[in-house]
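Here is a friendly walk through a fold, with the cut-offs spelled out along the way. Have a look at the structure first.

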Amino acid sequence: MHKLKYILLFFCFAFFSVKAGVKHPLHVSTAEINFNAKDKILEISCKIFSDDFEAILAKLYKQKTDLSNPNMKSAMDELVKKYLLTHLQLKTNGKAVAMNYIGFEIDHEATNIYLEVEKVVALKSIEVNDSILYDMFDDQMSIIHVVKDGKRKSTKILYPEKKFTANF
């Protein structure tokens, strides 16, 4: 938990550096997975610095990217969906699950992406395979939070590691 405080402190520093026009020194993304037992859904939200995310989308898919341009929303939705479904996979109770892409929005200097997994009857374990921005930075850090019944399990994954498993 002590290390997580420092990670969040660095994340805040990086955020305010970007606001001040300085290139952020930290390559980090976050993923939060909430189990909604009532609706039997995993609600997934990812946060990625927009400049890094646009750069990797342009590099991989060889086209102009602008996540904040409303005229390009449809094309950007396709790229974001394709990228996230390739670089973030989940297994619940030992079985791979299909994620549904909901959409994305820009929040200051970050992009928030939303996905969900339907028909999750029970959640005993979850394995997260996260390689977001690994094909761009060899110092990438992923912070993962899994929440079930108000209990949070969190970790950081440093490149080249990709997996986190939480048991409930």
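## A covered strand and its neighbours

Strand E7 (residues 125-130) is mostly covered, with five of its six residues buried; buried means under 20% relative accessible area, with a 1.4 Å probe and protein chains only. Strands here are DSSP runs of at least two residues (E) and helices of at least four (H or I), numbered from the N terminus. This is a predicted model, where local features need pLDDT of at least 70, side-chain atom pairs count only at pLDDT 80 or more, and totals for chains, interfaces and linings use all residues. Residues are numbered from 1 along each chain as its sequence is written, and side-chain values use heavy atoms, without hydrogens and water.

| E10 (residues 163-167) | five bridges | Phe-164 |

Now to helix H2 (residues 50-61). At 1.5 Å a residue, counted over one less than the number of residues, its twelve residues should span 16 Å, and the end C-alpha atoms are 16 Å apart, which agrees. Its buried residues, including Phe-53, Ile-56 and Leu-57, pack against E2, H3, E5 and E6. Just after H2, Lys-62 has a positive phi of about 50°.

Leu-84 touches Phe-53, Ile-113 and Ile-132, among others, contact being heavy atoms within 4.5 Å.

Note on methods. Buried < 20%, exposed > 50% of the residue type's maximum accessible area, 1.4 Å probe, protein only. Pairing = 2+ DSSP bridges. Lists of a residue's contacts leave out its neighbours within four places in sequence.
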